[in-house]
Amino acid sequence: MTTPLGAIPASSITAARAWILARLQAVLTPDPASPSSELLVCDGGPGPYQPDDIVSLGDTHQTYAPESGVGSGGAGWLREDYQLHITVDVYRGGDNPDATFARARTLADLVVAVVRSDPSLGGAVDRARPATAAHSTGWDEAHSGRHVEIDLTVDCLKTI
């Protein structure tokens, strides 16, 4: 028995990414403690416009596994697991590492809160959860300010 191609559900990645991006764009705001700083929330890396605060929805790493040992390969037969990578990148001129780190951490905490507010990502997945965060701190390349980057991953699961 085979399943017609039109009856095989598609991946949930596109819907999950769109939901997260829309929610982040709606929730994140410029830093009130740094009035000259601007915020960009984007899909993929930023283009030529690179303000002091950037939140970027990046790579997605996916695996598939059979969810059912029997069946025709149709709906509910396959499980997709994937990780969405989101980068928080904050720069502040001068030498104030505490404030730069605090702003980056605030943005990262808001990314986590968005995922926790609806672990189905608007119905796109069966379950999503914040998984990891890696923090990098230091001077920018020109040594004119502080730079903090936090790479977050969100684990997603969907039976399709």
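Is Asp 53 buried or exposed? In this predicted model, Asp 53 is buried, with a relative accessible area of 0%.

**Overall layout**

The protein chain holds 2 helices and 5 strands. Read along the sequence, these elements follow the pattern α-β-β-β-α-β-β. The C-alpha trace spans about 65 × 30 × 25 Å along its principal axes. Of the 160 residues of the chain, 36% count as buried. Among contacts between residues at least 6 apart in sequence, 64% join residues at least 24 apart.

**A network of salt bridges**

Side chains of opposite charge can pair when their charged atoms come close. In this model the count comes to 10 salt bridges.

| Salt bridge | N to O distance |
|---|---|
| Arg 92 and Asp 31 | 2.9 Å |
| Arg 92 and Asp 53 | 2.7 Å |
| Asp 53 and Arg 103 | 2.8 Å |

Salt bridges that share partners join Asp 31, Asp 53, Arg 92 and Arg 103 into one network.

The pairs can be taken in turn. The side chains of Arg 92 and Asp 31 meet at 2.9 Å, N to O. Arg 92 lies in strand β3 (residues 78-93) and Asp 31 in the loop between α1 (13-27) and β1 (39-43), so this pair ties together parts that are 61 residues apart in sequence. Arg 92 also forms a salt bridge with Asp 53, at 2.7 Å. That pair again links distant parts of the chain, with Arg 92 in strand β3 and Asp 53 in strand β2 (residues 53-66), 39 residues apart. Asp 53 in turn meets Arg 103 in a salt bridge of 2.8 Å.

Leaving aside neighbours within four places in sequence, Asp 31 is in contact with Asp 53, Arg 92 and Arg 103. Within its own stretch of chain, a polar atom of the Asp 31 side chain lies 2.9 Å from the backbone nitrogen of Ala 33.

**The largest pocket**

The largest pocket has a volume of about 230 Å³. Its lining is made up of Gly 45, Pro 46, Gln 50, Pro 51, Asp 52, Ile 54, Ser 56, Thr 87, Asp 89, Tyr 91, Asp 140 and His 147. Which element gives the largest share of the lining? Strand β3 does, with 3 residues. Both β2 and β3 supply at least two residues each. By class, the lining residues divide into 4 nonpolar, 5 polar and 3 charged.

One of the lining residues is Ser 56, whose place is in strand β2. Ser 56 is buried, with a relative accessible area of 9%. The side chain of Ser 56 reaches the backbone oxygen of Gly 44 at 2.6 Å. Not counting residues up to four places away in sequence, Ser 56 touches Cys 42, Gly 44, Gly 45, His 85, Ile 86 and Thr 87. Of these contacts, Gly 45 and Thr 87 are also named in the pocket lining.

**Gly 76 and the β2-β3 loop**

Where does Gly 76 lie? Gly 76 is in the loop between β2 and β3. At 33% relative accessibility, Gly 76 counts as partly exposed. Not counting residues up to four places away in sequence, Gly 76 touches Glu 67, Ser 68, Thr 159 and Ile 160. Gly 76 and His 61 are 15 residues apart in sequence, and their C-alpha atoms are 21 Å apart in space.

Technical notes: Residues are numbered from 1 along each chain as its sequence is written. This is a predicted model: local features need pLDDT of at least 70, side-chain atom pairs count only at pLDDT 80 or more; totals for chains, interfaces and linings use all residues. Side-chain values use heavy atoms; hydrogens and water are left out. A salt bridge is a side-chain nitrogen of Lys or Arg within 4 Å of a carboxyl oxygen of Asp or Glu. Helices (H or I, at least four residues) and strands (E, at least two) are DSSP runs, numbered from the N terminus. Buried means under 20% relative accessible area, exposed over 50%, partly exposed in between (1.4 Å probe, protein chains only). On a 1 Å grid over the protein atoms alone, a cavity is a set of points where a 1.4 Å probe fits but cannot get out, and a pocket is an open set with protein on both sides within 12 Å along at least five of seven lines; lining residues have an atom within 4 Å of a point. Grid points are joined across faces, edges and corners, and a volume is the space filled by probe spheres set on the points. Ala, Val, Leu, Ile, Met, Phe, Trp, Tyr, Cys and Pro count as nonpolar, Asp, Glu, Lys and Arg as charged, and the others, Gly among them, as polar. A polar contact is a pair of N or O atoms within 3.5 Å; within protein, one must be able to donate a hydrogen and the other to accept it, and residues adjacent in sequence count only if both atoms are side-chain atoms. Contact means heavy atoms within 4.5 Å.
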